[in-house]
Amino acid sequence: MSYTTKNIDIEPAITDLRNRTLSRLPGDFSRLVYLASSRDYNTGQYYHDGLAFHFSEMVVSKAFAECHREVFDRLVYASLEELIEELGNYISSTDERPEEFLKSWKHLGSYRVTIPSECDELEAQVFLSNVKMALTILQTRHEPASQHGQSA
């Protein structure tokens, strides 16, 4: 089977994933976390029972990898302001208190697992650096006014 044929085979799965699942998530950071969480950290393969019902596991994994890469690319090339907004929207979509979320993500570096397996090292470093800055900015914005040093 040629490379072109393999790409054509995954297009229906990509379309299904984009239209039925990813479009319902509130923003690209939510999509990035979702896609990364569908990946087996031991093998790098993606799993989704619903799509696997209609497509082979190999096609599903490739469709997820392709969408993961697309979403990552949008975020890695986003401005810092856009990334802050995306991350803020993601935090708001969780049930966690923003202060606790930000503290945990800064301490644990949870965002590291969101990077696609097939990623350029420089892009990964830029993304990690930008997310660290975005977390710091958001954390500063969520601190009580008393911690900012009130001036009269």
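Biologist: Why is Glu-99 called partly exposed?
Modeller: In this predicted model, Glu-99 has a relative accessible area of 33%. Buried would need a value under 20% and exposed a value over 50%, so Glu-99, at 33%, is called partly exposed.

Biologist: What makes the pair of Glu-99 and Arg-97 a salt bridge?
Modeller: The closest N and O atoms of Glu-99 and Arg-97 are 3.9 Å apart. The cut-off is 4 Å between a side-chain nitrogen of Lys or Arg and a carboxyl oxygen of Asp or Glu, and the pair therefore counts as a salt bridge. By this rule the structure has eight salt bridges.

Biologist: How do you know whether Arg-31 is buried or exposed?
Modeller: The relative accessible area of Arg-31 is 17%, and because buried means under 20%, Arg-31 is classed as buried. Asp-28, with a relative accessible area of 10%, is buried by that rule too.

Biologist: Which salt bridge does Arg-31 form, and how far apart are the closest N and O atoms?
Modeller: Arg-31 pairs with Asp-28, and their closest N and O atoms are 3.0 Å apart, which lies within the 4 Å limit. Both residues belong to helix H2, and because they are three residues apart there, about one helical turn separates them. In general, side chains of opposite charge can pair when their charged atoms come close.

Biologist: What does the side chain of Arg-31 reach at 2.7 Å?
Modeller: The side chain of Arg-31 reaches the backbone oxygen of Leu-22, and the limit for a polar contact is 3.5 Å, so the distance of 2.7 Å falls inside it. Leaving out residues up to four places away in sequence, Arg-31 touches Leu-22, Ser-23, Leu-25 and Val-71.

Biologist: Why is it said that Arg-74 and Asp-28 tie together parts of the chain?
Modeller: The side chains of Arg-74 and Asp-28 meet in a salt bridge, at 2.8 Å from N to O. Arg-74 lies in helix H4 and Asp-28 in helix H2, so the pair ties together parts that are 46 residues apart in sequence. Arg-74 is partly exposed, because its relative accessible area of 44% falls between the limits of 20% and 50%. Asp-28, Arg-31 and Arg-74 are linked in a network of salt bridges.

Biologist: What makes the rings of Tyr-90 and Phe-101 an edge-to-face pair?
Modeller: The structure holds 10 aromatic pairs. In the pair of Tyr-90 and Phe-101 the ring centres are 5.8 Å apart and the planes stand at 70 degrees; since centres must lie within 6.5 Å and angles over 60 degrees count as edge-to-face, the pair takes that name. Tyr-90 lies in helix H5 and Phe-101 in helix H6, so the pair joins parts that are 11 residues apart in sequence. Both Tyr-90 and Phe-101 are buried.

Biologist: Which residues do ring pairs link into a cluster?
Modeller: The cluster consists of Phe-29, Phe-72, Tyr-90, Phe-101, Trp-105, Tyr-111 and Phe-127.

Biologist: Which residues have the most contacts inside the largest nonpolar core?
Modeller: They are Phe-29, Leu-87, Trp-105 and Phe-127, in a core of 38 residues. Helix H4 gives the most to this core, with nine residues. In soluble globular proteins, nonpolar side chains tend to be buried together.

Terms used. Residues numbered from 1 in each chain as written. Predicted model: local features only at pLDDT ≥ 70, side-chain atom pairs only at ≥ 80, totals over all residues. Heavy atoms only, no water. Buried < 20%, exposed > 50% of the residue type's maximum accessible area, 1.4 Å probe, protein only. Polar contact = N/O pair within 3.5 Å; in protein donor to acceptor, adjacent residues only side chain to side chain. Contact = heavy atoms within 4.5 Å. Helix = DSSP H or I, 4+ residues; strand = E, 2+ residues; numbered from the N terminus. Core = buried A, V, L, I, M, F, W, Y, C linked by side-chain atoms within 4.5 Å. Phe/Tyr/Trp six-rings, centres within 6.5 Å; stacked < 30°, edge-to-face > 60°.
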